[in-house]
Amino acid sequence: MPPPEVRAQLRKADGLTQEEVAAVFGVTRVAFHRWETGVAKPRRRHFDAYVRLLDGWAAKHPEALQPVPAHQAG
């Protein structure tokens with residue numbers, strides 16, 4: 001699984017919001033935010049699917065795997 005700072009970059013590269021991805025998983029936006037930031041891990045029933053989603057985004061958007069320069073972060 002990519003580090004937390006890369007997870008949001010991958011999602012944004014695909015043009016999706018946290019709310020949209022959370023809805024697909026059937027969880028709240030807050031729960032998804034916790035997965036994305038590394039505060040919490042998805043439960044077993046969601047973990048494998050989330051990893052596959054991240055892998056798919058990484059294959060589709062390899063540029064999103066690059067670190068964001070400090071002056072562009074935030």
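Let's start where two helices touch: R7, L10 and R11 in α1 meet Y50, L54, W57 and A58 in α4. "Meet" here is about contact, which requires heavy atoms within 4.5 Å. Sorted by type, the residues of this α1 and α4 contact come out as five nonpolar, no polar and two charged. For that sorting, Ala, Val, Leu, Ile, Met, Phe, Trp, Tyr, Cys and Pro count as nonpolar, Asp, Glu, Lys and Arg as charged, and the others, Gly among them, as polar.

A quick word on what you're looking at. This is a predicted model, where local features need pLDDT of at least 70 and side-chain atom pairs count only at pLDDT 80 or more, while totals for chains, interfaces and linings use all residues. Residues are numbered from 1 along each chain as its sequence is written, and side-chain values use heavy atoms, with hydrogens and water left out.

How much trust does the predictor put in the model? The chain averages a pLDDT of 91, and 89% of the residues score at least 70; pLDDT is the predictor's confidence in each residue, from 0 to 100. Where pLDDT is low, the predicted coordinates should not be read in detail.

Now step back to the whole chain. There are four helices and zero strands, so the pattern along the sequence reads α-α-α-α. Helices (H or I, at least four residues) and strands (E, at least two) are DSSP runs, numbered from the N terminus. Among contacts between residues at least 6 apart in sequence, 57% join residues at least 24 apart.

Back to our opening pair. Helix α1 covers residues 4–13 and helix α4 residues 44–60, and they pack at an angle of about 65° with their axes 9 Å apart. That makes α1 roughly perpendicular to α4, a label for angles of 65 to 115 degrees (under 35 is roughly parallel, over 145 roughly antiparallel, and the rest oblique). The axes are lines fitted to C-alpha atoms, for helices over the stretch in contact, and angles run from 0 to 180 degrees between N-to-C directions.

What lies buried in α1? The buried residues are V6, R7, A8, Q9, L10 and R11, and they pack against α2, α3 and α4. Buried means under 20% relative accessible area, exposed over 50%, and partly exposed in between (1.4 Å probe, protein chains only). Of the chain's 74 residues, 31% count as buried.

Over in helix α4 sits V51, which is buried with a relative accessible area of 19%. The C-alpha atoms of V51 and P2 are separated by 8.6 Å, although these residues are 49 residues apart along the chain.

At 24% relative accessibility, D14 counts as partly exposed. Leaving out residues up to four places away in sequence, D14 touches W57, K60 and H61. α1 is also followed by G15, whose phi is positive, near 75°.

Finally, look at the other helix pair. Helix α2 (residues 18–25) and helix α3 (residues 29–37) pack at an angle of about 100°, with their axes 8 Å apart. That makes α2 roughly perpendicular to α3. Here Q18, E19, V21, A22 and F25 in α2 meet R29, F32, H33, W35 and E36 in α3. This contact divides into five nonpolar, two polar and three charged residues.
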